[in-house]
Amino acid sequence: MDILRTEGLTRQYGTGQTMVTALDHVDLQVERGQFVAIIGASGSGKSTLLHLLGGVDRPDGGKIFVEDVDIATFGEELLAQYRRRKVGLIYQFYNLIPTLSVKKNICLPMLLDNKEPGKERFDDIVKTLGLGDRLEHLPGQLSGGQQQRAAIGRALIYQPAILLADEPTGNLDRKNTEEIISLLKLSNRQYKQTILLVTHDENVALEADRIIKIEDGKIISDKAVRP
Amino acid sequence: MNIIREYSLDQVRKNRRTSISIIVAVLIASTFLCTLLVFAQSFWNQMVQQQIYTSGDWDAELMDVPADRLGMVRDNAGVKAMFVKGDNQTAFLPEETALPYFLIQNCDSNYWDAMYEKNMILRGRIPQAPGEVVVSKDFFSQNQTYGIGDTLAVEIDSNVRTHMEGSQQKDADSLTIVGELDVSVSSGYKGYLAYGFMEPDELSPDSEVVVYLQMERRGKVYTAVPQIAQAIGLPKDEYGNYPCRYHAALLAWHGVYAPGSFFQSDVPKLFLGLLLTAGASMAVFAYIIRGAFGISAKQKIHQLGILKSVGAGPKQIGRTVIYEACILSAIPILLSMVLGYLFSFGVLSAYSGMTSEVFGSRMEVSFSPAAALIAAVFSFVMVLLAAHGPAKQMSKILPIEAVRGEQYSISVKKAKSHPVLAKRFGFLGEIAANSVNAGRKLYHTCMVTLSLCMLLAFGFLAVFTASDISNAQAENMNHFDVNITLGTGERIDGALLAELKAMQGVQGISVYARANCAVWLSGSDQSAEFLQAGGFDSADGYIVERVGRYRIPCVLVGMEQDAYENVLREAGMEALPESSAIIVNSVAKNPGARDYEAMQETVPYLNLRQGQRVELTEKYSDDTQGDYEFMVDVAAVIPSMPEIGLDPSFYTLPVIVPMEEYYAIIGNFSDEMEVYNYRNYVNYVVPDGMDEEIQGEAERICSAYLGSSDFMTSSKTERMRNRGRMTGATMFVVCSLAALFGIVGISSVLSAILNSLGQRRKEFAMLRSVGVDEKGIRRLLGMEGFLLSVRPILIGLPMLIIICAAQCYMMGVSIVEFLCAFPVWVLLMYIVMVLLVINGIYMLASKKIRDDVIVEAIKDDTV
Ligand SMILES: Nc1ncnc2c1ncn2[C@@H]1O[C@H](COP(=O)(O)OP(=O)(O)OP(=O)(O)O)[C@@H](O)[C@H]1O
Ligand SMILES: [Mg+2]
């Protein structure tokens, strides 16, 4: 069964002369547990696609089925629940709450549900992310790479079925990048998480099961790297 | 702690500037509300205290209660307290006194505690045991040998109703005088008024007393008291009512009304006025504070977007704003209680200092816990109202839009070019105009806030000024300089009137009495001219129609015989031997006219002729109790009211009769109306500058005859001075409230400006980095500050002028008069202050921005 399916997904910005079609009738199916890389030129619509799938943006047309339910029809409260429990979204630019400690930032989705993460899992993630000694700091006191890792931790903490990552390694060095990617792959294998990853990095893309290329808001190629 | 709450608290701590601006706005706004409530409560308290002072602290009165039923009244579950007056006695005095006896009313100790007589004691103390009396002041002035502390041997004649008529017995007794009382009775009684002491339990069972009641539940008084009267077996009178009276004036202040009289009372109107004022100011403040919350929410929009995208629901997002509101408003609301009390204490003390001579008493500032609680609730509701908008807005916004933050939310529309500015200041002018346009919302808030505050504060002043001028105009129409009202509940002493009429140095005098009554006529009785102007049917509310007959309100005027005959002579007529009356046959042609002149225009009213007989009735409204009917014969019909100082109401027909005839007629009215209609009015015309002197002389004459509560004098100069004082004092209160409004407006605008400048530091650094020089920045910001401060004035001022003009038009006040009285300087001060403060802030900010190190400003990320 496909965990994710879109039909004719369209998103436009602006009106009249200045109208931009960021996504143009995109049909896409993703199986549960797949690791998908999305590539394309700057401005091709990758972030837009991820935002729509993550439920933080609303499409102008088309449907988004997640486990056969169209989230485009969800009301605000349901959609918030979806964002909290079903997907983890990592933005292109690190987005942490500056007034909350790193620990609280990571646990945020659970805290919003009035829950505490299991200690083991939390320690596990923190160790892998290498943030063990930075938990009580504020985001402003972290380096760019560390902040990005905290954002990844936040996306992983609830063990969401779907992980959407928008160039999570764009600001990181080679070593950090490799660590993060292997963390994602581990998570993908261990918890059967479905991952969609936007990247400009050829090497990163090659780690995926499948590579989708977008141009001008359309999918122009879709090939499996591994069966 | 809940993560949303924790987040909100953190935000409040971190964003100090916005937090402080919200706190200040809430503080001042709740101080205003609190002040309003303290004013209202103090006013209410003043009214209640005054009412109690002058007429006692009772709810209802039962008359003719047999003494043996007192226990039943006292034990009634609905009665909280009972006090008794009665058991009247006549004490025959020793031979040498000017008048032969004391007329004694005995009161129990509760009565002395609760009622007003104790306030009329001039010297000495209240009676505390049987045999002690306080005596009216004329006793002391007429019998100089007696003083307080004297014991008199008297013979007491109890006015006890005995079963055998005429078996009055006299007992020898002694009375001790313990005080002097400021009361009097008509000299017709041949005695002095005195108040004594009694124990209700020791009354003889068949004596009758008057019982005053305080009720356990005041709201039930109108139903409970007749039940009590029935329970103790009091008889009904000829109209089917029990012999009870209610303290309607006091009850009204407590919100209790006789069935059907709710809308006639002023109290609900005052209350509604208060509610409207409170509601309107709450709405305005909520709008202003909403701006502050909006700024704070906008600052956090990016973070709220992140919270949303990791799954915070719309309710949780909304709650961040509401929590913020609660955290930020708790302390200022508490503090505002203290500030509001202090502020109103200051204002009211000053007010009462200015008016104490007019009212004869000082106003006490009162602020009960209940009022404090109401003020707090009002303030809190206002804060929630203010936070509600931004909370909703934030919870609705798309997460991704919020995350992207403001740089995308500015409309991409092509910025309007500003031809004037561009020409004058070139490219820089255009940037200034653009930045004003771009931060539209912000500037919108400033503008609305400042012009609203201006409108509210000065609009209120304008209304007040215009109505004040209009009152002054009405005063100038008054023909007489000194006015005296005499009301003892009985026919006024002839000797007193004679002395008043003999007053030296008076150019003109009128003495009259008046009573409301009515006449029933048919449509054919209207004059042709009046019919053309609309007739009876146009006088809705004044003239009542019942099956083809019309009830026309009349005022029966009693004039001294000689003055009456003078009027007749001028009309070329003679008095009729019996029930002779003069009809003043004129009616306002268009009473609805705005213009004073047009309103004065009259036409003949009715087709009444000399020699006709008219039947009048005491029952001038459906509520009037009595229905005595009487005839008068028309001796003359005159076209206008003689100048006696009486200005009849619209559609009211004056019927003038000689004084003796007047008394004969009202003697048959129902008791209450009879008592009221015995009032006499004496008016003097005096040479310029003499009025206060004459008033003083009149005062002296009257107090020799009457208790000080039985007469009232006033003079043009005194009224003018009092009105001047009142106007000054009220203006002071209104200005102080207006000042609060101004402070809220200016402070919230300030914080909006500071915030906007802070956010745009980067933009300015960018401008400088591409080569705009210091002078350019200064001009740019100078320009912006100018635009910002001038706009609210340009918009508010014309609206204010419209309000003033409308007010002048409605009150019939000329512009020049208005401008003389309106505190123009306060308005100018407000305008100058707005200009100074805003431009000053811009100047300071401009200096700071010019001193910024470019790189740092560009790197500096707020939050
Ligand atoms: N809020 C917006 N308003 C107007 N146009 C937008 C908006 N967001 C995106 N666009 C446009 O939509 C198109 C797709 O943008 P998107 O952010 O999806 O590109 P991307 O593939 O993620 O690019 P990059 O690799 O640079 O991140 C672009 O042309 C962009 O200009
Ligand atoms: Mg992108």
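So, strand S1 of chain A is joined to strand S4 (residues 61-66) of chain A by five bridges, and the two run antiparallel. Strands here are DSSP E runs of at least two residues, helices are H or I runs of at least four, both numbered from the N terminus, and two strands pair if DSSP finds at least two bridges between them. In that pairing, Leu4(A) stands opposite Val66(A).

Quick note: this is a predicted model, where local features need pLDDT of at least 70 and side-chain atom pairs need 80 or more, while totals for chains, interfaces and linings use all residues. Residues count from 1 along each chain as written, chains are lettered from A and ligands numbered from 1 in the order written, and side-chain values use heavy atoms, without hydrogens or water.

S1(A), residues 2-13, also runs antiparallel to S2(A), residues 20-31, with eight bridges. There, Arg5(A) has Gln29(A) as its bridge partner. Six residues sit between the strands of this hairpin, and Gly14(A) takes a positive phi near 75°.

Okay, on to chain B. Together they bury about 2,400 Å², 62% of it on carbon and sulfur atoms; that's accessible area lost on being put together, with a 1.4 Å probe, summed over both parts. On the chain B side, Ile3(B), Val310(B) and Ile400(B) lose the most, together 24% of what that side buries.

And salt bridges? Two, meaning a Lys or Arg side-chain nitrogen within 4 Å of an Asp or Glu carboxyl oxygen. One joins Lys308(B) and Glu76(A), at 4.0 Å, N to O.

Methods: Buried area is the accessible area (1.4 Å probe) that two parts lose on being put together, summed over both.
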